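Below are my notes, point by point, to read with the model open beside you.

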Amino acid sequence: MINLISDTVTKPTPGMLEAMMQAEVGDDVFGEDPTVNALEKKVAEMFGKESALYCPSGTMTNQIAIKAHTQPLDEVICDEYSHIYQYETAGYAYNSGVGINLIKGENGKITAEQIAAAIKPRYDWLPISRLVVLENTCNKGGGSHYTLDEIRPIQTLCREKGLALHLDGARLFNALVETGESTQEVGAHFDSVSLCLSKGLGAPVGSVLIGTSAFIQQARRLRKVMGGGMRQAGYLAAACIYALDHQVERLREDNERARRIGEVLSSLGYVESVRPVRSNILIFDLQEGLTADAYLAYLKEMGVLASAFGPQTVRFVTHLDFTEEMLPKVVGALQRFKR
Ligand SMILES: *Cc1c(COP(=O)(O)O)cnc(C)c1O
């Protein structure tokens with residue numbers, strides 16, 4: 001089976017497993033796991049920030065960031081497609097007691113003008129707009145990505161208005177291999193950054209939250225109360241270090257394979273439209289009368305797994321375990337489909 005359901009399905013490579021086996025570990029709740037400490041230091045330095053925190057998931061890094069940046073009765077401004085709104089079980093309300101102010105962006109991307117219009121005036125009866133969250137790449141936006149030229153005016157606005165700016169960078173490196181921008185530049189544009197190592201980067205578990213020392217100190221307490229204090233987590237952190245050292249540049253290949261599948265789909269009669277392919281996520285709509293469920297059942301018979309993103313919408317995600325040799329099999333299955 002070729003699994004294109006998500007880039008979270010990847011398994012550690014032999015080199016990564018070897019690095020995990022060799023890891024030096026300790027009790028990270030006491031701050032004594034050298035490998036976790038090395039990962040946190042490495043990522044903080046990559047982004048030009050003071051400190052970082054290793055967490056079990058990207059949901060936890062986002063939820064901690066929201067909690068650390070806000071007070072109850074505040075609100076978070078983000079695009080309606082944002083992961084923090086769509087896929088984190090309304091955790092912003094549950095964990096932080098904040099509201100959410102959704103913007104209808106373009107493929108998950110919002111502008112400084114839209115944010116300026118969304119910021120609420122200070123009245124007793126309104127929530128206080130306190131935090132802006134951008135997502136790069138944007139999952140539900142079809143892997144769309146920002147450039148720093150688009151982010152700069154947003155940062156300027158947030159500074160002027162006293163709002164914090166957080167980046168949900170679950171797939172940030174899929175964007176950076178496209179734009180050629182550096183992690184240092186990204187770090188300089190945000191108050192905090194969340195990074196997933198368990199997506200295209202191929203580590204089995206974990207995300208990192210990056211920010212100032214004071215922010216991360218508070219984040220560490222919040223990680224504990226959420227049950228995310230892990231002990232000999234260095235075995236997992238070793239996989240993350242390995243991923244950052246060996247599996248960043250190859251994300252280009254994932255993006256490229258998604259583009260090639262997108263080109264094939266664009267030429268097929270049963271496809272209504274293919275959303276612009278900007279990274280490793282490919283979303284397309286089927287023509288009238290053809291359901292995603294029926295199409296996915298056909299693909300499964302052909303040995304290809306994908307997911308429905310709406311009644312007539314399908315999503316493919318390319319990743320480390322989807323190799324060049326598998327591409328012709330997928331393309332063949334797409335081309336042979338008869339409605
Ligand atoms: C996957 C993802 C997350 C967090 O995912 P976990 O599964 O909790 O690690 C956050 N934001 C985006 C955009 C994601 O795609």
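1. Let me start with Tyr54, in this predicted model a residue of strand E2 (residues 51-55). Its relative accessible area is 0%, so Tyr54 falls under the 20% limit and is buried. For a sense of distance, take Glu325, which is 271 residues from Tyr54 along the chain; the two C-alpha atoms are 35 Å apart.

2. Is Thr318 buried or exposed? With a relative accessibility of 2%, Thr318 counts as buried. A polar atom of the Thr318 side chain lies 2.7 Å from the backbone oxygen of Asp254. Leaving aside residues up to four places away in sequence, Thr318 touches Asp254 as well as Leu4, Asp7, Asn255, Arg257, Ala258, Ile261 and Asn280.

3. Now to the ligand. The residues around it are Ser57, Gly58, Thr59, Asn62, His83, Glu88, Glu135, Asn139, Asp168, Ala170, Arg171 and Lys199. By type, this shell divides into six polar, five charged and one nonpolar. Helix H3 (residues 58-69) gives the largest share of the shell, with three residues.

4. A polar side-chain atom of Thr59 is 2.6 Å from a ligand oxygen. The side chain of Lys199 places an N or O atom 2.8 Å from an oxygen atom of the ligand, and for the side chain of Arg171 the corresponding distance is 2.9 Å. On its own the ligand has 380 Å² of accessible area, and the protein covers 83% of it.

5. Lastly, the annotation. An unreviewed UniProt entry places the feature "domain: Aromatic amino acid beta-eliminating lyase/threonine aldolase" at residues 3-285. Across residues 3-285, the chain is 43% helix and 18% strand, with the end C-alpha atoms 19 Å apart.

Notes
Residues numbered from 1 in each chain as written. Predicted model: local features only at pLDDT ≥ 70, side-chain atom pairs only at ≥ 80, totals over all residues. Heavy atoms only, no water. UniProt positions renumbered as here; feature names shortened; annotations may be inferred. Helix = DSSP H or I, 4+ residues; strand = E, 2+ residues; numbered from the N terminus. Near = heavy atom within 4 Å. Polar contact = N/O pair within 3.5 Å; in protein donor to acceptor, adjacent residues only side chain to side chain. Areas by Shrake-Rupley, 256 points an atom, 1.4 Å probe, with all protein chains shown as cover. Nonpolar A, V, L, I, M, F, W, Y, C, P; charged D, E, K, R; others polar. Buried < 20%, exposed > 50% of the residue type's maximum accessible area, 1.4 Å probe, protein only. Contact = heavy atoms within 4.5 Å.
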